[in-house]
Amino acid sequence: MSHAHEHAHEHQDATPKALSATGKWGMVIDQDLCTGCQACVAACAMENNLSFIGEDDVAYGRSMQWIRIERYWQGEYPKVSMTDYQPMMCQQCGNAPCEPVCPVYASVHSASEDLNVQVYNRCIGTRYCANNCPYQVREFNWRDWPLPEPMSNRLNPDVTVRQRGVMEKCTFCIQRIHTGENTAAAANRDVLDGEVVPACAQACPANAITFGRIDDPTTQVAQLAQDSRGYHQLEEMNTLPRVTYLKGGSKHGSNG
Amino acid sequence: MAVTAKALPHAHAQEEHEDPREHLMLDPRPRGEMNAMAMEAMLSTNWKFWLVIVILAATVAYCLFYEWGVLIFEGQGVAGVTRPDYWGVFLVDVVFWIGISHAGTFISALLRVLKVEARRPFTRAAELMTTFGLVQAGISVFLHLGRVWLTYWMIPLPNQRGLWPDFHSPLMWDFMAITTYLLCSTMYLYMPLIPDLAMARDRSTGWRKLLYRVMALGFRGNEFQWKHLTTAMNIFAFAIIPVMFSVHTIVSWDFAMASRPGWSSTVFGPYFVIGALHSGIAAVLLVLFLIRSTMKHMDYFLRLEHFDFLGKLSLVISMIWAYFYFNDYIVPWYGGGTIEKTLLDFLARGPASPLWYAMLFCNIVVPWAILWNKNWRRKPWLLALVGIAVNIGMYLERYIIIPVTVTITRDPFTWRLYHPAIEIPITIGMFALFLLLYMLASRIIPLIPVWEVEEGQAAHSLRKLGKTEVVSLSELE
């Protein structure tokens, strides 16, 4: 076992893993910086082998996105203005509503990474997890969407391709986390801050997404999460999300 | 067996104009004749019967099995489900059919335990609905699953990998409850059937003789066998009542345990049980009307008093249902949570509000407007119409609870209306399958529990004792 793993165990022995307030890996999204360009959406689709859905199904609301940019308006017509863009992905809840409802343990909590993971092979498609997700970020494979040549050549070999009838969702790019941890373990050191970058954060031209070890107070992500603008989505649900949003406002000059 | 004969002489005294022979229990016929009537009702078919069978079978083959094949090979995408309506009409069907199945147990077990005489001729008709309703519910669960070929992973099978189902999940409770209920209700259907199967065995030839001989388990009607059979039935009647209440409570927990606005409600357990009885008794009314108007001799067994009785029951249940629905609506409204208020506004004023008003009309206005009147309660066709209305209303109720309610999520960006697609033909196919199974069963097993009717009539018959006639009540408390 690597040093990093031992560190994690020492750190979290006091509380059950699924309920530790901060978690191990965390993300901060600055809504002031987000321009809504959807580069993260595209990068995520490429990295994680998301299916191409096609016009008909997308028009019916079956877009396959592990991260999506939500847009809202505020005020009464005609005085409406847009609120800040809100990127939404799996919040990797410490107390995840999707986990206890799965009858076959397909939606489980990773003890080593303190992430919420989906076991594709085990999923039988009851869709209870997606139903119970307050953030509605779980994506279902409604069909086997075609993957004709040459598109099949773009598949990422580190990520499983999913079958119809299976639930999937954002993994915090767990394949990149593992690569980073393995590299660090081979060099007999801890994972460095900024060494593991998920596809969305890597692609973001405005650097609105920051990722790293939230349980280490020296990292950039842990410090940003302490920002006074920080909040969690649907905090009243007590899901203990691992994603912290930094409220926008300077852009519209309304509140800071 | 004990009998609540009190009501009958009382009814006499009150309404002198009424002929006591209107009551099945006071209009006895010789046992041989009654047996022959039950046999004839079972054996007689005509071309119309077979025509309906062929039409239903074709509907089942195309709408259910072919379309189900499409669903399995194409994926759930051919259905209308999408985010946030991950649960659609198939789960509406599950709840609806489990609701239908409650009538059988309620009428057969609860009324048997409470010694309600009016139940006697139609217990089996109701029990058959229980068993076939549960078959439908089971099929609907399979229809809903994304990878139905792996359903067996929900069964706790010991295996080398140590994989086990998660008993935290309400779906596992549901799976266990439905399986238990199906087993219990099938046995409970079978046990009172044994004396009638023995009766049929003694009066048939050919393949039927063989079938009934096997199924009657050598029942000869001696004291020893009756004693054991009635003991077993008694135990089952008492044991199945809590099972019945628990099943629909657990089905409601699929929703009540979830963290969705409109679902996480503590009243859902009893509310669902009453809803199940509401639709179940309405379905019994409809089926009794169909049996009575199509099968031979049924106007002897199924009388206006029985429709009258079920009509009263339906009215009371409708009132209880309205009370529970009022609670389910008013408490979240009073609580005033933003998302709950949005949901209630959406139900009452949103694009699906016609369904909501239709539900209230069918479930409350129709039964209350019709069933209060004794003369109207004694018109079987009118009660059949009430039965249809209540079943439409209860189907809409489940439709509103599942795909309409889940439209309103905590993430407004995902709000989206649900439109059923392949669910429509498949649901039609399932109704056809229910009717098909029921019609075939009505020609294979005696639909009237003749021995129960005979038992009741014997208990109510008058006997000469010296110069007076006395009611021969064998075991009245």
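**Figure 1. Strand β11 and strand β12 of chain A pair in the antiparallel sense.** In this predicted model, strand β11 of chain A, which spans residues 230–231, joins β12(A) over two bridges, and within this pairing A:Gly230 has A:Leu246 of β12(A) as its bridge partner. Strand β1 of chain A, made of residues 25–30, also pairs with β12(A), but here the sense is parallel and there are four bridges. Are the two faces of strand β12, residues 243–246 of chain A, covered or uncovered? Both are covered, with A:Val243 and A:Tyr245 buried on one side and A:Thr244 and A:Leu246 buried on the other.

**Figure 2. Chain A and chain B touch each other through residues of both chains.** The contact takes 33 residues from chain A and 34 residues from chain B. On the side of chain A that touches chain B, the largest share is the four residues that come from helix α4, which covers residues 128–132 of chain A. Sorted by kind, the residues on this side of chain A are 18 nonpolar, eight polar and seven charged.

**Figure 3. B:Val284 is a member of the largest nonpolar core.** This core holds 185 residues, and the members that touch the most other members are B:Ala103, B:Val284 and B:Leu285. Helix α10 of chain B, residues 268–294, gives the core its largest share, which is 16 residues. Which residues does B:Val284 touch, if those up to four places away in sequence are not counted? They are B:Ala103, B:Ile107, B:Phe122, B:Ala126, B:Met129 and B:Leu310. As background, nonpolar side chains tend to be buried together in soluble globular proteins.

**Figure 4. A cis peptide bond is found between A:Glu149 and A:Pro150, and another between B:Arg83 and B:Pro84.** In chain A, the bond that joins A:Glu149 and A:Pro150 has an omega of about 0°, and A:Pro150 has its place in the loop between β8 (139–140) and β9 (167–168). In chain B, the bond from B:Arg83 to B:Pro84 has an omega near 0°, and B:Pro84 lies in the loop between α3 (47–74) and α4 (89–113).

**Figure 5. A:Gln38 has a positive phi, and A:Asn207 also has a positive phi.** A:Gln38 is not a glycine, yet its phi is about 70°; this residue sits in the loop between β1 and α2 (39–47) of chain A. With 16 other C-beta atoms within 10 Å, A:Gln38 is partly exposed. A:Asn207, which is not a glycine either, has a phi of about 55° and belongs to the loop between α6 (199–203) and β10 (209–213) of chain A. Is A:Asn207 buried or exposed? A:Asn207 is exposed, because 9 other C-beta atoms lie within 10 Å, and a residue counts as exposed if that number is 12 or fewer.

**Figure 6. Residues 1–13 of chain B have a pLDDT below 50.** Chain B averages a pLDDT of 90, and 95% of its residues score at least 70. Over residues 1–13, however, the pLDDT is below 50, although this stretch has 26 contacts in the model beyond near neighbours in sequence. Where pLDDT is low, the predicted coordinates should not be read in detail. For the model, the scores are ipTM 0.87 and pTM 0.91.

Technical notes. Residues are numbered from 1 along each chain as its sequence is written. Chains are lettered from A and ligands numbered from 1 in the order in which they are written. This is a predicted model: local features need pLDDT of at least 70, side-chain atom pairs count only at pLDDT 80 or more; totals for chains, interfaces and linings use all residues. pLDDT is the predictor's confidence in each residue, from 0 to 100. Two residues are in contact if their C-beta atoms, placed from the backbone, lie within 7 Å. A residue is buried if 20 or more other C-beta atoms lie within 10 Å of its own, exposed if 12 or fewer, and partly exposed in between; C-beta atoms are placed from the backbone. Two strands pair if DSSP finds at least two bridges between them. A nonpolar core is a set of buried Ala, Val, Leu, Ile, Met, Phe, Trp, Tyr and Cys residues joined through C-beta atoms within 7 Å. Ala, Val, Leu, Ile, Met, Phe, Trp, Tyr, Cys and Pro count as nonpolar, Asp, Glu, Lys and Arg as charged, and the others, Gly among them, as polar.
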